[in-house]
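Biologist: I am new to this structure and would like to learn how to read its features one at a time. Could we go through it together?

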Number of protein chains: 2
Amino acid sequence: MKPDFGYLSVSGKDNPLVKELVRLHKDRNNCVYIEGTRLCRDALESGAEVVKVVFTEDNKELVSSWYGLFECLKSSEFVLVTDIIFRKVSSTVNPQGVAMVVKEPEIYSTASTLPQDGSGKDIYLVTEAVQDPGNLGTMIRTADAFAFSAVILLPGTCDPFSDKVLRASMGSVWHIPIIKWEDKDTLFECFKANKVTTYAMHLKGSELKDNEIELPAAYFIGNEGNGLTDDTSGKCDRLLKIPMSGKAESLNAAAAASVMGYVFAKNK
Amino acid sequence: MKPDFGYLSVSGKDNPLVKELVRLHKDRNNCVYIEGTRLCRDALESGAEVVKVVFTEDNKELVSSWYGLFECLKSSEFVLVTDIIFRKVSSTVNPQGVAMVVKEPEIYSTASTLPQDGSGKDIYLVTEAVQDPGNLGTMIRTADAFAFSAVILLPGTCDPFSDKVLRASMGSVWHIPIIKWEDKDTLFECFKANKVTTYAMHLKGSELKDNEIELPAAYFIGNEGNGLTDDTSGKCDRLLKIPMSGKAESLNAAAAASVMGYVFAKNK
């Protein structure tokens, strides 16, 4: 089946387009490089702004079917590459032969207002210096599953659109606003203005009780090794910890975020 | 400071001992290769059976202090290696220059009886074909944090003593019995004989309610992509799902296991 869309065919490794794609892994330039059928489809279904579709001969038919299905591909550039070139621009060990360059959603990159869902019971997950991309992706997925209003990233948190975060989020990065909030003080001011109670996950906090959560709320999760900074937990209205009677001192950050997510969502 | 213990000094890359250590990464032979100060210390504090301690010149003093502190090192073999050899046998990108070969605890490798904590309210986490070592390690850490009686691994679950699982478990693999249970039918028989209610995490299950959990209990978590097999969920007494109102269809397996862990532990 011949695709009904125009495409460039690139076979030379030194083609500027190949170099540009390789460079994207180091400097994203507000773009997100996503690879594999599943991640691409997640983005397409969410109506992401697709700049380029890169594919091998084996995936021509698949890309053609996507072109027919998804409006967001109408102004994209299509590039057919050899298997060798695809491996060169790929970030995975077993490349599937289809990838897309997608614009990072503009509204997510910075913000000074809070997204609200109209319920008056919004829940926000705030991360501070979460370093493991698998953890961040899992947290974004959790926030999406429990219908939070946004995930807010304080400085020091890893790149939310890296390949590992995208994979761990299983498409949730396209469903929920992800906001990089540069100035912590304005965030707390914004929460205060919106009557959002702030909770810090903290080993010295009081034990989490399911019926003592006030919404709207934001809960703060800190770095995997060091937790929240004293400054941040000091600014929060309440410190909470998950009751644990075993030998492990703490849960994994994303696991803790999920327990909190469940409890907060129950109060909605 | 000169260590007060005898040690071999190895500087040749072709030394049989070096080859043996490299081979361990492929064929563990009931041993666990652990690396880095933190993981080694976790094992030492749990009284693990240490076969060998491998260290570089920079870590001689540290190892000497461990020798003074930990009884479990009294019959270990100590091997001083060059930085180059340590890098060769290392499984990490930035080797810390200290590693140990530890015997996999024999009681954990197979079992036909259930560890019990005497409360009559034991909780067991059972995994079926959990493939991601980070997820398995996180689940083991969760089970330890909530004082479960064991983590039981059905066939298809990844190696619980691989480097990635050890790291994600943060030492919990040494705190809680980890049982590879080969025959699923005998496991269900054993649960039945001990009046353990079995719960399957399942998207078609009824919604988790905090006060409807009966202990002792075991909950089953399935493969990241496919969930539990029909056969396994069919054998469980109840199917449960975590209530979610957002767009993500499911939580990460380890995140779900943590939410369940929190709810089950609350009923203890």
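Modeller: Let us begin with one residue and its contacts, keeping in mind that this is a predicted model. Leaving aside residues up to four places away in sequence, Val151(A) touches Leu125(A), Met139(A), Ile140(A), Ala143(A), Ile176(A) and Ile178(A).

Biologist: Which residues touch the most other members of the largest nonpolar core?

Modeller: That core has 178 residues, and Val151(A), Tyr219(A), Val151(B) and Tyr219(B) are the ones that touch the most other members.

Biologist: How many residues of chain B are in contact with chain A?

Modeller: On chain B there are 25 such residues, and they meet 25 residues of chain A. The elements of chain B that give two or more residues to this side are helix H6 (133-145) and helix H10 (253-266), with H6(B) supplying the largest share, 6 residues. Sorted by class, this side of chain B has 12 nonpolar, 9 polar and 4 charged residues.

Biologist: What confidence values does the predictor give the complex?

Modeller: For the complex, the predictor gives an ipTM of 0.88 and a pTM of 0.90, while chain A has a mean pLDDT of 91, with 96% of its residues reaching 70 or more.

Key:
Residues numbered from 1 in each chain as written. Chains lettered and ligands numbered in written order. Predicted model: local features only at pLDDT ≥ 70, side-chain atom pairs only at ≥ 80, totals over all residues. Contact = placed C-beta atoms within 7 Å. Helix = DSSP H or I, 4+ residues; strand = E, 2+ residues; numbered from the N terminus. Nonpolar A, V, L, I, M, F, W, Y, C, P; charged D, E, K, R; others polar. Core = buried A, V, L, I, M, F, W, Y, C linked by C-beta atoms within 7 Å. Buried ≥ 20, exposed ≤ 12 C-beta atoms within 10 Å, placed from the backbone. pLDDT = per-residue confidence, 0-100.
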